[in-house]
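Dear colleague,

Please find below the structure for your review. My notes on what was found in it follow directly after.

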Amino acid sequence: MNQSAWTDDQPIVSIKDVHKSFGDLEVLKGISMDVMKGEVVCIIGPSGSGKSTLIRCINALNDIQSGSIEVEGIEVNDKQLNKLELRKKVGMVFQQYNLFPHKTAIENVMMAPLKVLKQSPAEVEEIARNLIKKVRLEGKENSYPGELSGGQQQRVAIARSLAMNPDVMLFDEVTAALDPETVKEVLVTIKDLAEEGMTCMLVTHEMGFAKEIADHIYFTDRGVIVEHGPPATFFDSAKDERTKEFLSQIL
Amino acid sequence: MLEAFMEFFRQLADDYPRWNFIFFHEPRQWARIVKGLQYTLWLSIACVLLSVIIGVVGAWMQNSPSKWVRGIVQGYIQFFRNTPPFVQLLFFYFALGQFTPAVTGPDGWTEIPIISNVGWAIISLSMFAGAFNVEIFRSGIEAVPESTQEAADALGFTRLQTYKDVVLPLAFRVSLPALNNNLVNLVKTTTQAIGIAVPELLYQCVSIWNDYPSALYPTMLLLFVSFIILVGVLVYGMHRWEHKMRIPGYGG
Ligand SMILES: Nc1ncnc2c1ncn2[C@@H]1O[C@H](COP(=O)(O)OP(=O)(O)OP(=O)(O)O)[C@@H](O)[C@H]1O
Ligand SMILES: [Mg+2]
């Protein structure tokens, strides 16, 4: 797929009829969605409905059986896929932070630009310092992950991802492992990003947050998108029984 | 000063004939010991480095997508772990040594094999200890969470970069105590190079006590003390390293 063919007015992430199975278990049963540049999309749904799997398919951590996923015109479901090109465009933050424990906060942020993008150390350090500032962790540059709280680690992880200068950020339940008090600081960081115009796709159980920042909400259940829409209509006038039941349990 | 030192041991040997520290008062014997120590040190350093490299590369190959590569590594480990190292040494030197090419020496008629007995000793001992190192590193690698590697993958690291910059540094830390043990064993096992006439410390000591039976006890004592010091230095170095690599707030 020719990458230069993509322009801003086309979806930055375009998912069409994606099917994904683990062995006999079909987890995604024909998912389609389009995300425009600068949009914030929240994916909600019961446990096991395939939210993580979908997110992971977008940056090729999982492969798919059929359908198409395009990121800025790059077809992800392609044997010839240049993974590096894809990963320069897509940043990912995990539920368990997954920082490199043997590197300090700033080293975690610097590692990929240095090793993968081969940028100059001086340049990278400046970028990293700014990112650390951006996620409000000044003074923690030289702390190791083991010396940081969960919320702080997660913000380092966000900074680490941003250091690759991605166009799309994927967040998979990034606050699920945090104490209620620290959830907020991570959400604030994500909100800052969204307000700066970063395209974000996030799986979350924080309905209040989703309502506040999402441009569009998707509800998935058992591998299909049951219902979707902008927060206002989605929360107030859900039509599907499953959606209603899920919302009534969680809100 | 030196003269007094030598005189003391000459006198000791006169007074107590079983305690002839001949290498302390006869420069020729001292030279043998020094040469032996040099060979032992050389064998130890070369084998430690080479066996660690074998361990690192072998553990990487063990995770190869290719069944063949994994099979070869497994075969290598089984062979070298389950046969006596001394037999391996003899096998390398006498069996394989026959097939390695030789070059003609400067005198025009002697044949000098490309790999000397020292070379074979290093190869054989490194392969022996390397087999254990592969297993040691493998268990360290298994302790690195899949999700940490996935994070590197998502950041665009190649498989090799992930191994080199993330997996290995973490696996090393887990592996150090076991590696420590294996390297201590390796240093002690260098003495078996005597079997193919490598002039290391044990070889020199045996020669000395064969020539001068009165030097038997002192030479044995020297052997023990030398190895205690040598292994002590290694263990100290490894501990320092372990300490330096400790990550704040991580692990035990
Ligand atoms: N690597 C895997 N191998 C086999 N099955 C898997 C794998 N990953 C996920 N699954 C299965 O796929 C289904 C969807 O999992 P997924 O993690 O995408 O759900 P989820 O919507 O993210 O759930 P949660 O809210 O609990 O995170 C589950 O039934 C899960 O057991
Ligand atoms: Mg999930």
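**Salt bridges**

The side chains of A:Arg242 and A:Asp221 come together in a salt bridge, at 3.3 Å from N to O; the term denotes a side-chain nitrogen of Lys or Arg within 4 Å of a carboxyl oxygen of Asp or Glu. A:Arg242 lies in helix α9 (residues 241–250) of chain A and A:Asp221 in strand β9 (residues 216–221) of chain A, so this pair ties together parts that are 21 residues apart in sequence. Helices (H or I, at least four residues) and strands (E, at least two) are DSSP runs, numbered from the N terminus. A:Asp221 is buried, with a relative accessible area of 7%, whereas A:Arg242 is partly exposed at 34%. Here buried means under 20% relative accessible area, exposed means over 50%, and partly exposed lies in between (1.4 Å probe, protein chains only).

Please note that this is a predicted model, in which local features need pLDDT of at least 70 and side-chain atom pairs count only at pLDDT 80 or more, while totals for chains, interfaces and linings use all residues; side-chain values use heavy atoms, with hydrogens and water left out. Residues are numbered from 1 along each chain as its sequence is written, and chains are lettered from A and ligands numbered from 1 in the order in which they are written.

Over all chains, a search of the whole structure finds 23 salt bridges. One of them joins the side chains of A:Glu72 and A:Lys89, at 3.7 Å from N to O. This pair links distant parts of the chain, 17 residues apart: A:Glu72 is in the loop between β4 (66–71) and β5 (74–75) of chain A, and A:Lys89 is in helix α2 of chain A. Both A:Glu72 and A:Lys89 are buried.

A:Glu196 also forms a salt bridge, with A:Lys134, and the closest N and O atoms are 2.6 Å apart. A:Glu196 is in the loop between α6 (180–195) and β8 (199–203) of chain A and A:Lys134 is in helix α4 (residues 121–134) of chain A, so the pair ties together parts that are 62 residues apart in sequence. A:Glu196 is exposed, with a relative accessible area of 53%, and A:Lys134 is partly exposed at 31%.

In chain B, a network of salt bridges links B:Arg81, B:Glu135, B:Arg138 and B:Glu142.

The largest pocket has a volume of about 470 Å³. Of the 21 residues that line this pocket, the closest to its centre are B:Gln149, B:Thr158, B:Arg159, B:Thr162 and B:Tyr163. Elements of both chains give two or more residues to the lining: α2 (83–89) of chain A, together with α6 (117–142), α7 (146–154) and α8 (159–189) of chain B. The most comes from α8(B), with 5 residues. By class, the lining has 8 nonpolar, 6 polar and 7 charged residues.

On a 1 Å grid over the protein atoms alone, a cavity is a set of points where a 1.4 Å probe fits but cannot get out, and a pocket is an open set with protein on both sides within 12 Å along at least five of seven lines; lining residues have an atom within 4 Å of a point. Ala, Val, Leu, Ile, Met, Phe, Trp, Tyr, Cys and Pro count as nonpolar, Asp, Glu, Lys and Arg as charged, and the others, Gly among them, as polar.

The second largest pocket has a volume of about 270 Å³. Its lining includes A:Cys57, A:Asn62, A:Asp78 and A:Lys83, and by class holds 5 nonpolar, 2 polar and 4 charged residues.

**Loop residues in both chains**

Phi of A:Lys118 is near 55°, a positive value in a residue other than glycine. A:Lys118 sits in the loop between α3 (105–115) and α4 of chain A and counts as exposed, at 61% relative accessibility. Phi of B:Ala197 is likewise positive, near 60°. B:Ala197 is in the loop between α8 and α9 of chain B and is partly exposed, with a relative accessible area of 40%. For context, most residues other than glycine have a negative phi.

B:Thr190 is found in the loop between α8 and α9 (201–211) of chain B and is buried, with a relative accessible area of 0%.

With kind regards

Methods:
Grid points are joined across faces, edges and corners, and a volume is the space filled by probe spheres set on the points.
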